[in-house]
Amino acid sequence: MKELNQHIKSGNFATCYLFHGTEAFLMRHWQKRLVEALAPDANSFNMEVLDGKTPAKDIIASAETLPFMAEHRLIILKNTGLFETGRKDDAEALAKYIPDIPETTVILFAEEKVDKRGKLYKRVKESGLVMEAATPSEADLADWAMKMCASRGKKLGRAAAAHMMRSTTLDMQLLHNELEKLIAHAGDGEEITVADIDAVCTKSLDVKIFAMMDAVGAGNARASTKMYRDMMTLGESPFYILSMIARQYRFYIQCSHMAGKGSRAPEIAKTLGQHPFAVENFIKGSRGKFMPALLNALNQCLETDYAIKSGQMNDATAVETLIIKLCT
């Protein structure tokens with residue numbers, strides 16, 4: 001991002017950019033920054049969005065067109081497949097053309113998937129700028145949230161930011177929406193507190209499941225079934241909630257086993273592909289539970305799944321019955 005900002009600030013743009021990855025929010029943000037710098041007018045003659053399947057010869061023809069009363073012309077191509085297998089001839093033609101793109105033309109490729117071994121990828125990297133939109137870490141998201149609040153005249157402390165990451169979502173678009181709600185809620189107040197987050201933000205399903213499982217672990221059938229019904233009221237599928245309960249027990253078993261072997265939360269998180277705070281919760285939730293009991297609970301989840309799929313029980317009733325059994 002720093003290099004892209006330097007290009008925009010200096011006005012010295014590369015002739016080609018490749019933005020790729022699965023974090024759609026970052027991809028849209030980077031593209032917006034480039035468009036605002038090169039073609040701020042929505043009806044600009046100097047921006048062309050080409051169909052993802054546009055042949056290489058047409059892309060090259062467009063790239064050779066001079067800008068109209070401006071320094072640059074921007075061409076945007078999305079999910080072309082040129083950076084994967086399948087469009088070999090077009091990819092090779094463009095790879096050959098990349099070094100010859102006129103200085104007045106900027107080509108932006110926005111791709112979800114790329115093969116970094118491909119000739120076109122390597123040529124764009126040599127001649128332009130490649131940026132990967134990967135999902136940021138929890139710590140990076142917390143920093144981003146604090147900076148966003150600061151830019152709007154609000155203070156989000158690190159402890160409050162960490163609480164927000166753990167209680168809402170790590171999806172950047174959804175997190176951005178929650179931050180907008182928080183900033184509006186703060187009004188004239190300067191600091192956003194944990195209480196503000198709990199009052200305004202929508203809790204993630206993972207957090208709700210954790211809370212319900214805490215009630216199950218405490219043997220509180222009334223509280224756990226109420227939480228289940230609340231999730232149902234909000235439109236969550238009983239079958240999906242069942243899958244999340246089973247997932248919880250699988251992670252309880254894995255984390256309990258690995259922690260018992262001496263592994264620490266960060267190491268377990270890396271092995272299981274989970275965030276460290278989630279692993280800490282799983283380890284905490286598994287304490288005091290014997291492995292046979294955890295395995296029996298997971299087996300009950302599988303039996304409930306079979307009962308629903310075989311038509312023996314209604315899904316909503318089956319999952320509520322399971323929750324009550326787990327409480328005992």
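Reader: What is the strand order of the open sheet, and which pairing does it have?

Author: The open sheet has five strands in the order 2-3-4-1-5, with parallel pairing. Strand 2 (47-50) and strand 5 are at the edges with a single partner strand each, so one side of each has no neighbour in the sheet. From one strand to the next, the twist averages 15°. The model is predicted, so local features need pLDDT of at least 70 and side-chain atom pairs count only at pLDDT 80 or more, while totals for chains, interfaces and linings use all residues. Residues are numbered from 1 along each chain as its sequence is written, and side-chain values use heavy atoms, with hydrogens and water left out.

Reader: How do you know that strand 1 joins strand 5, and in which sense do they run?

Author: Two strands pair if DSSP finds at least two bridges between them. Five bridges join strand 1 (residues 16-21) to strand 5, so the pair meets the definition. The two strands run parallel, and Y17 stands opposite L129 in strand 5. Strands here are DSSP runs of E with at least two residues, and helices are runs of H or I with at least four, both numbered from the N terminus.

Reader: What makes strand 2 and strand 3 a pair?

Author: Four bridges link strand 2 and strand 3 (residues 73-78), in the parallel sense. That meets the requirement of the pairing definition. E48 stands opposite I75 in strand 3.

Reader: Which strands does helix 3 lie across?

Author: Helix 3 (residues 56-63) lies across strand 2, strand 3 and strand 4 (105-111), and runs at about 160° to strand 3. Helix 5 (residues 119-127) packs on the sheet too, touching strand 1, strand 4 and strand 5, and its direction makes about 125° with that of strand 1. Contact means heavy atoms within 4.5 Å. Axes are lines fitted to C-alpha atoms, for helices over the stretch in contact, and angles between N-to-C directions run from 0 to 180 degrees.

Reader: Why is strand 5 called largely enclosed?

Author: Buried means under 20% relative accessible area, exposed means over 50%, and partly exposed is in between (1.4 Å probe, protein chains only). Four of the five residues of strand 5 (residues 129-133) are buried, so the rest of the structure largely encloses this strand. In the chain, buried residues make up 46% of the 328 residues.

Reader: What makes E180 and R152 a salt bridge?

Author: A salt bridge is a side-chain nitrogen of Lys or Arg within 4 Å of a carboxyl oxygen of Asp or Glu. The N to O distance for E180 and R152 is 2.9 Å, so the pair qualifies. E180 lies in helix 8 (residues 172-186) and R152 in the loop between helix 6 (138-151) and strand 6 (155-156), so the bridge ties together parts 28 residues apart in sequence. E180, at 28%, is partly exposed, and R152, at 40%, is also partly exposed. A search of the whole structure finds 12 salt bridges.

Reader: How many residues apart in helix 8 are K181 and E178?

Author: K181 and E178 are three residues apart, and about one helical turn separates them. Their side chains meet at 3.2 Å, N to O, so this pair also falls inside the salt-bridge limit. K181 is partly exposed at 33%, whereas E178 counts as buried at 10%.

Reader: Why does K309 count as exposed?

Author: K309 has 58% relative accessibility, so it counts as exposed. The side chain of K309 forms a salt bridge with D305 at 3.4 Å, N to O. Both lie in helix 15 (residues 291-309), four residues apart, about one turn of the helix.

Reader: What phi does M69 have, although it is not a glycine?

Author: M69 has a positive phi of about 50°. M69 is in the loop between helix 3 and strand 3, and at 74% it counts as exposed. N79, not a glycine either, has a positive phi of about 45°. N79 lies in the loop between strand 3 and helix 4 (88-97) and is partly exposed at 46%.

Reader: How many helices and strands does the secondary structure of the chain come to?

Author: There are 16 helices and seven strands. The radius of gyration is 25 Å, well over the 20 Å that the globule rule gives for 328 residues, so the chain is more spread out than a compact globule. The radius is taken over C-alpha atoms, and the rule is 2.2 Å times the number of residues to the power 0.38. The C-alpha trace spans about 75 × 50 × 40 Å along its principal axes.
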